[in-house]
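Subject: Structure for you to look at

Hello,

Here is the structure I said I would pass on. Please open it first, then read the notes below.

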Amino acid sequence: MVEVAATAQPLIPNHIPREHPVVTREYSLFTPSINDMANGIANWLDDQVDGATIYGPSRFGKSNAVDHWLQHLLSERHGGYVPMVIWSHLDPGGQNSVGRFYAHLLDASKHELAKAAKSPLDRQHMLIERWIWMAHQGGGKFLVLVIDEAQSMTQREWIWLVELHSTLEKSHIRLCVFSIASLQFYDEPIGMALSGGAHVAARFMLESRQFHGVRSAEELQYVLSGYDDATEWPKGSGYSFTAGLAPKAWIEGFRMGNQAESLMYAMTESLGESYLGPIDFPMKTVAQVSRHILLRIAGGANWREVTRRDSWLQVVSQSSHKALMAVVSAGARKKVRTKR
């Protein structure tokens, strides 16, 4: 007779609403790196640079920073609305055309006729008019274009962007282009810049800044504390994610912010002795394993047992953390050998 193991209990308890942000993963925790990104771009805007590059490995939280925080933080820094277009670039493959390029930018600019059948020249005129209008709405003479996944931009696209930049200059509108690029720890952003041509690099990419993940227990505590005091669900309830998901544990003193040392230990230990990269961890790991722990406690698990160091290590080891870190630090061994 074949024995079949009992079906594992689901991670998400039945009493937790399926629309809870921790269940859907539709939430964003503020991090020191997000603050650094916003400050860097704000300083570049103050200095009126034409463009710059923010770069870092995939899954470290760059897109999250752009989508959820950048507009608000820049507007707060500048004391008013900052006109911004966020374009999540897709590799055009063999369908790279100037008309499609303008259509994508029109869509990112929320133009109501972005998908209308128009000639490339008409689309260019529509885009220029839209950007001039947005710049004036901001009360100034500039517009911010953020290109997420900019590492897949083609040389032709960069040239078309230079043309747009020059056209706007004639209308006394300054276009500031900030490229958000997924590059590994040891990649150099200048290589991406020069792939678009020296004149593109000179215009948009003379400045660069690295986007980091979590590099210390202190940073991690700041991030994890967001579950305790910088989140709320349902809206207006006054309950943070931690308090709402684990009310009994919350009353007993459980706080996610207090788990930083254990999680940092687990993320470091799970890498193995052969790991040669920096201690710089992706927000993907932090969010994934924190969600797992929170939902287990919400399901009735003893929070003191679930948050033991060996428990954190087991959860991290079962995640994609080690594989992701191997990918983003792939150049480490080569870099070390070169230095010798």
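A salt bridge here is a side-chain nitrogen of Lys or Arg within 4 Å of a carboxyl oxygen of Asp or Glu. Keep in mind that this is a predicted model.

By that rule there are five salt bridges. One of them joins E252 and R304, whose closest N and O atoms are 3.4 Å apart. E252 sits in the loop between α12 (247-251) and α13 (260-269), while R304 is in helix α15 (residues 303-306), so the pair ties together parts that are 52 residues apart in sequence. Buried or exposed, or in between? E252 is partly exposed, at 34% relative accessible area, and R304 is partly exposed too, at 47%.

Another salt bridge pairs R77 with D46, with 2.8 Å between the closest N and O atoms. R77 belongs to helix α3 (residues 62-78) and D46 to helix α2 (residues 32-46), and the two residues are 31 apart in the chain. D310 and R308 also form a salt bridge, at 3.2 Å from N to O. Through shared partners, K248, E252 and R304 make up one network of salt bridges.

Now the nonpolar part. In soluble globular proteins, nonpolar side chains tend to be buried together. The largest nonpolar core in this model has 67 residues, and I41, F178, L220, L263 and V286 have the most contacts inside it. Helix α14 (residues 283-298) gives the largest share of this core, eight residues. A second, separate core has 31 residues, including W87 and W131.

Regards

Methods:
Residues are numbered from 1 along each chain as its sequence is written. This is a predicted model: local features need pLDDT of at least 70, side-chain atom pairs count only at pLDDT 80 or more; totals for chains, interfaces and linings use all residues. Side-chain values use heavy atoms; hydrogens and water are left out. A nonpolar core is a set of buried Ala, Val, Leu, Ile, Met, Phe, Trp, Tyr and Cys residues joined through side-chain atoms within 4.5 Å. Buried means under 20% relative accessible area, exposed over 50%, partly exposed in between (1.4 Å probe, protein chains only). Helices (H or I, at least four residues) and strands (E, at least two) are DSSP runs, numbered from the N terminus.
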